Amino acid sequence: MLQSYVPILILLVLATGFALISILLATFIGPRHPNTRKLSPYESGMTPIGPAMRRYPVRFYLVAVLFILFDIEIIFFFPWALIFRQLGFFGLVEIMVFILILLVGYAYVWKKGALDWE
Amino acid sequence: MIEFLIEAVIKSAIIVLVLLTSFAYITWLERKVLARMQARIGPNRAAPFGLLLPLADGIKLIFKEDTTPLEADKFVYLLAPILAAVPAFIIFAVIPIGDTITLFGRTITLYLTDLNVGLLFIFSITSIGVYGIALAGWSSSNKYALLGGLRATAQMISYELPFSLSVVGVLMMVGSFSLVDIVKAQNSIWFVILQPVAFVIFMICAAAEVNRSPFDLPEAEQELTAGYHTEYSGMKFALFYAAEYIKIVAMSALAVVLFFGGWQGPPIPLIGSIPIIWFVIKVFIFLFAFIWVRATLPRFRYDQLMSLGWKVLLPLALANVVITAIAIVLRDLR
Amino acid sequence: MESIFFYATAAIALIGAIGMVLSRNAIHSALFLVLNFAATSVLYLMLNAPLLAVLQVTVYAGAIMVLFLFVIMLLNAENVSVDSHLRWQPIAALILGGLLLVETVVTVGRPLPLNPAGVTPETLNQLADPRVLAQFLFTDYLLPFEVTSLLLLVAMVGAVVLTKARPAQKRDQRRVRFADQVEGSEGASAVMSEPQGENRPVA
């Protein structure tokens, strides 16, 4: 059982190794002439105004919350899809109830304008 | 056990090398095709047809200065390109490019491994792919980068929902997460015929997942210079670039496996049936389509992008699941 | 072989957990937590629960931690000083942590029926098949499954109520933004960050 995951570990090691080596190689080979101007944030040639870390619109946050909720709902579809043929009509009723409740939430979220990006 | 390990190491090495080569030559192909579509010639200096251009690019990138902004979070800044590139490779661990072949008297499977949760494994890997981009944007300490990273992350998670929901129809018909089983279930008919809506949703979301035109807002040059990798240079930049193109290959391969019968196809006249030839041909067609779309479609506006994902694709994918379920029940009753 | 692998994974999980608590930077904490989740997922895998392992990564690392990262990035809360807001929380954490330690010692110290009746290697391998798990979920545990959807519905409503500003408030914000633009001082930044005027707390 566990054996079928060993190749993934090997691929992971190889891919990470490649990424690390290529970065290391470049740091050794490439030139190094740092100066303050070069290492300051790029802002199209202008002197940067204020730090980059500041407060950003809350919309991004709402998208992330809704994503979690819908993601968990969708994850339930996967095991259901596996055995749907065995469950038959019963499985259809099950998922319809689930989807109906999901749709209530979806309609509410839509109605409240949470899906609008102003 | 030792033989098993050696086989896995060889296969993994082949996967990494083939992906890197195809990454290099997809960039070449893209330049060539885009140029032709815009009535230009494209790269033609390095070797005939500019064939050595990817190599020249690679050498150039290694010899570039590798800068780290003063205000950057040094460790996360280094980690981000690795976190972006590695998941792109890992996806291929479960993608089958063929059934089995016999080499030197050994039966060798043409996939690294076959998991009973294969498809979910791919989804879990793509879901952690956002870290590289979000962290690159954050650690650069640059306004363009941060905004680009935020945009990319919001876009990727929004399109992940219809993306994963679109394959539920396929899963219902197969009854297994294993990608090998999914390919074998398409012996008589490809799922693109049974699930055309799902396929369209899948492809749109795949383009959005890899931040590809027309969904390339995170890298919209006019607004955000280079988006989340504005501050990156040299090999670190190359890793982001590689991640994007390898993910395009991954999405193409996944589309072939899920909807176009994977490695299966009729024997070709003259050549006969070579194990992986059909898989390669199909993937190539998808890669070409990705480039073609880039040459054709203008970029979305951000609010259009969000409403397309949440208000059109998500309900459409849900409706597809319901209709498929009803159709299967009706057919099984008969 | 397997026990070596287990200890290595467990060590990584511990490093992740400890690093998460000790990091001063909230983003680093979040990353350590992701490492911990990844190691936990491997532990699930070793327990013959591949479905749980991939879902652990998808939900916790791929969704919940992305939200955490977002909140930290959006609120610019990377370096919150520890002692400013916490008064009774450290003591409460200490007491609860102590209770957990006692519980762990008691549980581990007592010989538990680790092998419930009738569980053989074959049945364990059967449980690794996601179909078996699905069969249980959609027959024996149908009610919890449907209730989950209700729970998620409540969460959805909660998220919208907490983040969506009321119409009146919104009009105020627009006025603030307009004023900014007239003054011309913060005009350009109004495009990027909306609620400039009144750094209103989020959720």
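Student: What percentage of the 118 residues in chain A is buried?
Tutor: This is a predicted model, in which local features need pLDDT of at least 70, side-chain atom pairs count only at pLDDT 80 or more, and totals for chains, interfaces and linings use all residues. Residues are numbered from 1 along each chain as its sequence is written, while chains are lettered from A and ligands numbered from 1 in the order in which they are written. A residue is buried if 20 or more other C-beta atoms, placed from the backbone, lie within 10 Å of its own, exposed if 12 or fewer do, and partly exposed in between. By this criterion, the buried share of the 118 residues in chain A is 36%.

Student: Which pattern do the elements of chain A follow from the N terminus on?
Tutor: Helices (H or I, at least four residues) and strands (E, at least two) are DSSP runs, numbered from the N terminus. Chain A has five helices and zero strands. Its elements therefore run, from the N terminus on, as α-α-α-α-α.

Student: How many residues of chain B are in contact with chain A, and which helix of chain B gives the largest share?
Tutor: Two residues are in contact if their C-beta atoms, placed from the backbone, lie within 7 Å. On this basis, 64 residues of chain B touch 54 residues of chain A. At least two residues each come from α1, α3 (74–90), α6 (143–166), α7 (168–174), α12 (234–259) and α14 (302–333) of chain B. The largest share of these 64 residues of chain B, namely 14 residues, comes from α14(B).

Student: How does the side of chain B that touches chain A divide by class?
Tutor: Ala, Val, Leu, Ile, Met, Phe, Trp, Tyr, Cys and Pro count as nonpolar, Asp, Glu, Lys and Arg as charged, and the others, Gly among them, as polar. For the 64 residues of chain B in contact with chain A, the division is 39 nonpolar, 13 polar and 12 charged.

Student: What share of the contacts in chain B between residues at least 6 apart joins residues at least 24 apart?
Tutor: The secondary structure of chain B comes to 14 helices and two strands. For its contacts at a sequence separation of at least 6, the share joining residues at least 24 apart is 78%.

Student: Are α1(B) and α2(B) roughly parallel or roughly perpendicular?
Tutor: Axes are lines fitted to C-alpha atoms, for helices over the stretch in contact, and angles run from 0 to 180 degrees between N-to-C directions. Helix α1 (residues 2–37) and helix α2 (residues 53–62) of chain B pack at about 115°, with axes 9 Å apart. Angles under 35 degrees count as roughly parallel, over 145 as roughly antiparallel, 65 to 115 as roughly perpendicular and the rest as oblique. The two helices are therefore roughly perpendicular.

Student: Which residues of α1(B) and α2(B) make the contact?
Tutor: The residues of this contact divide into five nonpolar, two polar and no charged. From α2(B) come Leu53(B), Pro54(B) and Gly58(B). From α1(B) come Ala24(B), Tyr25(B), Thr27(B) and Trp28(B).

Student: Which helix of chain C gives the most to the side that touches chain B?
Tutor: Chain C has nine helices and zero strands, and 18% of its 203 residues are buried. In its interface with chain B, 15 residues of chain C are in contact with 18 residues of chain B. The greatest contribution on the side of chain C, 11 residues, is from helix α3 (residues 50–75).

Student: Is Asn211(B) buried or exposed?
Tutor: Asn211(B) lies in the loop between α10 (196–209) and α11 (221–224) of chain B. Its phi is near 55°, a positive value in a residue other than glycine. With 22 C-beta neighbours inside 10 Å, Asn211(B) counts as buried.

Student: What is the phi of Asn48(C)?
Tutor: Asn48(C) is found in the loop between α2 (26–46) and α3 of chain C. It counts as partly exposed, with 17 C-beta neighbours inside 10 Å. Its phi, positive in a residue other than glycine, is near 65°.
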